[in-house]
Amino acid sequence: MNGFEERARAIEPELCAIREALHRCPEPGNAEFRTAEQIERALGKWGIATERVLGTAVVGTLKGAFPGKTVALRADMDALPLTEQTGAPFASENAGWMHACGHDVHMTAVLGAARLLAERRDLLHGTVLFVFEPDEEGSGGAARLCDSGRLDGVDAVFGAHVDPTLPAGTVGVRYGKFYAASDTFDVTVHGKSAHGATPELGRDALAAAVETIARLRALPERVCNDRCVLTVGTFSAGTARNILADTATFAGILRTLGPDERRRMKAALRETVTEAATATGTTAELTLRESYGGVVNHDTETALAEQAARETLGAARVVRIDRPTMTTEDFGVYLEHAGGSFYHIGAGCTLPLHHPGFLPEAEAFVAGAAVHAAVAERFLNGTND
C-alpha cells in the first residue's frame, strides 16, 4: 500500500467541506464562475499556481522537485438543469440547477489529489496539471482546452467518473473502447399533400418517415460489427386527421464504439435515408452532426492506473469493467492528443446519473482523491510493476 488512502481519510473533513460548497453552487456550462473561484482558492491554499482558460476553465500546476514528464488529472465542472430532490443539507442553492452527474465529486477528487500530491512535491519527478473543464454536458470543453494549447506537452491525461453500479470506494477500469461516440441527426421528409379520400393524388410524408425510421432502427443489427445504438427521439408530421402530410420531421442520435464503426454507421445512415426516400417517392434532407468521439483507453496507461488503484485500495476493491457503456463523454478528446485512461469510481448511490436524487457518498471522492494521486505519482516516478 502507498499510504494515499490513509492520507485521504485524514483530510476527509476538508474534502467534505469542499464538496458541499461545490454542490451548493451548481452552474451551467461556460458560466461556472463561482465554481472556478472556489477551485482557485483551494489550489492556492496548497501552494499550487492556477491559470484561468476559456473564461471558466482552471488549470493548476504543481511542479515536482525533479525534472520529468507532465501528467494531467481532469475533472468536469458544469451542472445539469434539474431541480434537486436529494434532501441533502448542502443541496443546490441555484434554483433549477443541480450536480446530478457527479461533477462535484469529480472536482473534489481531483482537488483532493492536488492536496495529497502537494504534500509530496519533494518526491515528484515532473509536473502535474489539475485540469477543471467547463461545459462537458454541453458542447464540450475538452476540444477547446486542447485547441487553446494549454495542454501542449502533456504526456498523459487521467480522469474518472462516478458509477452508480459500483460500490462506494471501489474503482472500475476498462481497456480499449469504453464510451460511445455520438452523432445527432435531423431528417425532414417532403411529400405531397392530398385529401385522405384520394391518397393516390399525394405522397404521404408521414408514412415515408415511418418507413425511414423502421429501416434506420434495423441498422445496428444489420450493419454494425460492434455494439451500437440508434435512437429516434422526436417526430412531427401532419395538420389534420384526414389530410396526407406533406412534411414530416424526426430527430435522433447514433452511438457507436470506435472510429471504424462510427464511419461505417454514419455512411449506412446516409444511404438508408436516401434509399427510403426513393422507395416512397419522397425527398429527404438529412443533417448529421458530429458530437463526442467516444473514449478509447490506452492499454499502457490503463495498466498503470489499474496497478496504482490496486496498490492504493487493495485488489478486492478494483474491478475490470467487462463491457463498454453507450453513454457519451468528451474525455476521449484528450486521449487523441496524449496517452491516458479514464476509469470509474463507485458512487455508493444506486440512483442513475442525471436523476434529481443522485447523491454519491463521501467515500467516492475520498477513494477518487487517493487513486488519482497514486496514478499521477506512479506515472511521473516511473514505477509500473
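1. Secondary structure and overall form. The protein chain contains 11 helices and 14 strands. This is a predicted model, and the values below were computed from it. The C-alpha trace of the protein chain extends over about 85 × 45 × 40 Å along its principal axes.

2. Burial and surface. The protein chain has 385 residues, and 53% of them count as buried. Its accessible surface amounts to about 15700 Å². Carbon and sulfur atoms account for 50% of that surface.

3. Contacts across the sequence. Consider the contacts between residues at least 6 apart in sequence: 81% of them join residues at least 24 apart.

4. Ser 182. This residue belongs to strand 8, which covers residues 181-190. Is Ser 182 buried or exposed? Its relative accessibility is 2%, and because buried means under 20%, Ser 182 counts as buried. Leaving aside residues up to four places away in sequence, Ser 182 touches Ile 253, Leu 254, Arg 262, Glu 290, Ser 291, Tyr 292 and Thr 328.

5. Ile 321. This residue lies in the loop between strand 13 (318-320) and helix 10 (332-335). Although placed in a loop, Ile 321 counts as buried, with a relative accessibility of 18%. Which residues does Ile 321 touch, not counting those up to four places away in sequence? They are Gly 172, Val 173, Arg 174, Phe 178 and His 344. For Val 173, the separation along the chain is 148 residues, while the C-alpha atoms of Ile 321 and Val 173 are 5.7 Å apart.

6. Aromatic residues. There are five aromatic pairs in the structure. One aromatic cluster is formed by Phe 178, Tyr 179, Phe 331, Tyr 334 and Phe 342. Phe 178, a member of this cluster, is also among the residues that Ile 321 touches.

7. A charge over a ring. The charged end of Lys 69 is positioned over the ring of Phe 379. The distance from that charged end to the ring centre is 4.2 Å.

8. Leu 206, Val 210 and Phe 235 make a nonpolar surface patch of about 230 Å². Val 210 is located in helix 6, which comprises residues 205-217.

How values were computed: Residues numbered from 1 in each chain as written. Predicted model: local features only at pLDDT ≥ 70, side-chain atom pairs only at ≥ 80, totals over all residues. Heavy atoms only, no water. Phe/Tyr/Trp six-rings, centres within 6.5 Å; stacked < 30°, edge-to-face > 60°. Lys NZ or Arg CZ within 6 Å of the ring centre and 35° of its normal. Helix = DSSP H or I, 4+ residues; strand = E, 2+ residues; numbered from the N terminus. Buried < 20%, exposed > 50% of the residue type's maximum accessible area, 1.4 Å probe, protein only. Contact = heavy atoms within 4.5 Å. Patch = residues over 30% accessible without salt bridge, like charges linked within 9 Å, V, L, I, M, F, W, Y side chains within 5 Å. Areas by Shrake-Rupley, 256 points an atom, 1.4 Å probe, with all protein chains shown as cover. Salt bridge = Lys/Arg side-chain N within 4 Å of Asp/Glu carboxyl O.
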